[in-house]
Each structure stands twice: as structure tokens, then as C-alpha cells.
Amino acid sequence: MDKILVHGGHRLDGSVRISGSKNSALPILAACLLTRDQCVIGRVPDLSDVHYMLQILTRLGAQVERASGTVTVSAESIRTDAPYEIVRKMRASVCILGPLLGRENEATVSLPGGCVIGDRPIDLHLRGFEALGATVKVHAGNVKILAPKLTGCNISMRGQHGTTVLGTDNILMAAVLADGTTIIEGAAAEPEVVDLAQFLNKMGARIEGAGTSRIVIEGVKELHGAHHEVIPDRIEAGTFLIAGAICGDTVRLRRVIPEHLDAVASTLRQCGFTIDSGPDDMTIRSNGAIRPVKLATEPYPGFPTDMQAQLCALLARADGVSMITEHVFPQRFMHVAELKRMGANMQVEGATAIIEGVPTLSGAPVMASDLRASAALVLAGLAAEGVTEIHRVYHIDRGYESIDDKLAGLGAHIEREKE
Ligand code: EPZ
């Protein structure tokens, strides 16, 4: 295992190129199972989660080739049961259910466990499959879904914590080959859902309304191969905006879609930062003090839950008391205990973190837990006095392509060592 050492107190300056989106690439790679033809996906980030997805596709029988950022998938004939030993490593592998059902009318995948950000149920996914005519059996830790015939219908994806992103993706991928029309009410509107729908339409699907809460899918007989380039990773981009906020002079992000970061940019402006946007770039400048904010995480276009930990790292040094409430994953506060070890003054009450800003943080050995909490610890280390050692950085490598190299390119004193 590796650890990352961050030597705090160095200003960041310059520009960084944002990679393709993990949360777009994963469902789009799964969607390649929906056709026997070859699909070519560009700007696929080099991440361990992507590696796991390519392993799963290979084990299902697809031919998979990767040449730097481009992945080619040919699923001429496939199995419909995914291996537990790989699926258990990545919850997002649940998004192969929809394409397996759409293509082969059956799927067997191990049930995703919980994880440190909380329980990760898939009841809304399964309810959607049943509405399309599938039977669902849970046995020995596996979910087995049979659907001799998929028939379009009206489905709600609304749950107690709002909608579901991968649930919307799964129903989209099952419904594109169903008989008749499917209407998804309460659909997730994340840019990654839109990107998936655009790829599916390039394959011959007939999807309208992606990006709104109501998506209409006209089933077709079959899909053909397509080329697609995934959108930039808005969460990686937001993470680097916060790096610039924490210790930057002027930090510029290249190859982003600014509108995907509207909620993050408006929050950082409330904190007192200047953010300018071009057609595919954003620049953040500090104006001195960090102002506290009060907000809740929401499904897109609200403030993303995947940016909550990173914002906590910034607000740990704000001039006043901030409050952040998690409306998506109420337990997603693993980073708070570690930030407190660095001198932060924050408490979690229910689904709300109350953060009293302190003037400085001090470097300390800390433990990464989930992907975004780990990134938050790196960000906190950038501003802390002394050295912060982040252990178990495999969590970070799941979702950030060379985060240490990219930060070093901006002037951070950061290095990776073998544990
Ligand atoms: C996607 O996960 C993202 N992952 C997550 O990013 C992100 O945090 C999440 O959406 C919310 O935006 C990928 O896209 C690969 P959900 P997903 O289903 O789809 C509840 C990261 O850091 N729920 O939208 O699995 C659920 O418990 C990762 O990149 C049900 O109750 O999340 C949660 O409270 C972490 N029943 C809420 O809905 C269900 O059937 C949102 O979950 C499904 C979900």
C-alpha cells in the first residue's frame, strides 16, 4: 500500500488538466454490453475503479482493449453472472445489471455491501426492473434477475434520500431494448446520466428528457456500436477548485464544463473567492479570508455530496461557524474525525457537520477511508503546518488520476511512498 506525504504551507499556482469522469465512464463502459458491435470510448480515466469495470466486462466475455485513454469493447457473446470477487470491490458494478437484462434478459450479481459512506441499498433499482417485468430473487448474497420479456412502463426512481443516479442508469439501460415506452419519473439529472443517454442514443436508442426528472425511452429492437468521449470529471474539477481556494494564488482548470460546477462555484463565491469561467476552463482566485457558509447536499444541480468532504476541509479554516447537512448520504462524515486530528474544530450532529473555523491546521498522520474523504485530507494537508501523512491512499486512486502529480504540478510539495 502507498502513503502520500503532504508538506503544507506552499502556495499553488498554474493550471491543471481535468481527466474524464469516473462516474460517467463506469456506466458507459457497462452500456457497451448492450451491443455485439465494437464500441470505442475516449477520455477514460486511468483509475482502479475503471480497471475493475474492465475486469468485470472481460470476465463476462467481452473483448476489452485499452490504449492510454481510449477503451475498445466488443461484447459478441457474454455470460450473465458477474464474479463476486471483483464485484465486491466496487459497488458501482451494480450498473451492469441493466445492460445484462436488456441484452440477455437475465443477470446474476452479488449484492453490493454497504460502505463507509453508509448503507448502499439497490431497492429502487430492483423495483424498476420488476416494473419492467423482471422477477428478482436474492439468494446467498446474490441478486438473480430474470426477465423473459421487458415491457415499457412508468417507473418512479424517488427514494427516501431523493433519486438514485445508478438506479436511473440501470433502468435506462434495461428500457432501451424493452417493448414499448418507458417513462422514468423522479429520474436523476446528473451530467453523467445525460452523458450515458447521449452514448445510448448514438448506439440507436431513443431517449428524451435526460437531464430532467422525467426521461422517456422508446424501446428499439437492437443497438449498434458507437464512439463516445466521456465528459470531464466535475468532482475532480471541484476538488481542484477547493485546492486553489485552500492555498492557491491563481489556479486554472483546463478541460472542464463550467455549468456542471455551478453549485460548487456559487458556494465558493459565497466563501469569498473569485471564480471566472471560459468555454472549457475555470479560474479561482483568493481574496483573503474564507467566509463560512450554511448548505445542504442535494441531487444535481444542488451542491454535490461528492464535494462535501472537500468543502469541510476548506471551511475548517473559515472565519466563523459553517453548517453542512447531508441530504444524500446522512452518514458521510468519516473525514471529520481525521480532520479533527489535524486541529479542526467540528462536530457531527445527526446528518449535519457544525464547523467552527480555526486559524491553522497542523499536519498529522491520518487514515483515508472513502474516496472523497481521502481527497479532503490531502487538501487539508496543503494548508496545514508541517507534514500530513495520508495512509491507505488506494482509496484516492479509485477516483483521482495522479492527484499527487497534478498537485505537484501546481506547486504543492507532495510525494508518494510505499507503506
Ligand atoms: C452515484 O452513486 C455516484 N457513484 C456516487 O459517487 C454519488 O455519491 C452518488 O451517485 C450520489 O450523487 C457513481 O456514479 C459510480 P445513489 P449511486 O443511488 O448511484 C439511496 C463517488 O465518490 N438509494 O444516487 O450509488 C442511497 O442510499 C461516488 O464518486 C436508495 O435508498 O448513489 C443514497 O442515500 C460515491 N435505494 C441516495 O439514494 C436505491 O435503490 C443516493 O444514492 C439506491 C439509492
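This dialogue covers a lysine and a sheet in a predicted model.

Me: What should I know before reading the values?

Reply: Local features of this predicted model need pLDDT of at least 70 and side-chain atom pairs count only at pLDDT 80 or more, while totals for chains, interfaces and linings use all residues. Residues are numbered from 1 along each chain as its sequence is written, and side-chain values use heavy atoms, with hydrogens and water left out.

Me: Is Lys22 buried or exposed?

Reply: Buried means under 20% relative accessible area, exposed over 50%, partly exposed in between (1.4 Å probe, protein chains only). Lys22 has 8% relative accessibility, so Lys22 counts as buried.

Me: Which residues does Lys22 touch?

Reply: Contact means heavy atoms within 4.5 Å. Not counting residues up to four places away in sequence, Lys22 touches Pro45, Leu47, Asp49, Asp233, Leu371, Arg372, Arg398 and Gly399.

Me: What is the order of the strands in the open sheet?

Reply: Strands of a sheet pair through backbone hydrogen bonds, either parallel or antiparallel. Strands (E, at least two residues) and helices (H or I, at least four) are DSSP runs, numbered from the N terminus, and two strands pair if DSSP finds at least two bridges between them. Here three strands have the order E6-E8-E7, with antiparallel pairing. Strand E6 (106–110) and strand E7 (135–139) are the edge strands, each pairing on one side only.

Me: How many bridges join E6 to E8?

Reply: Five bridges join E6 to strand E8 (residues 142–146). Within this pairing, Glu106 stands opposite Leu146 in E8.
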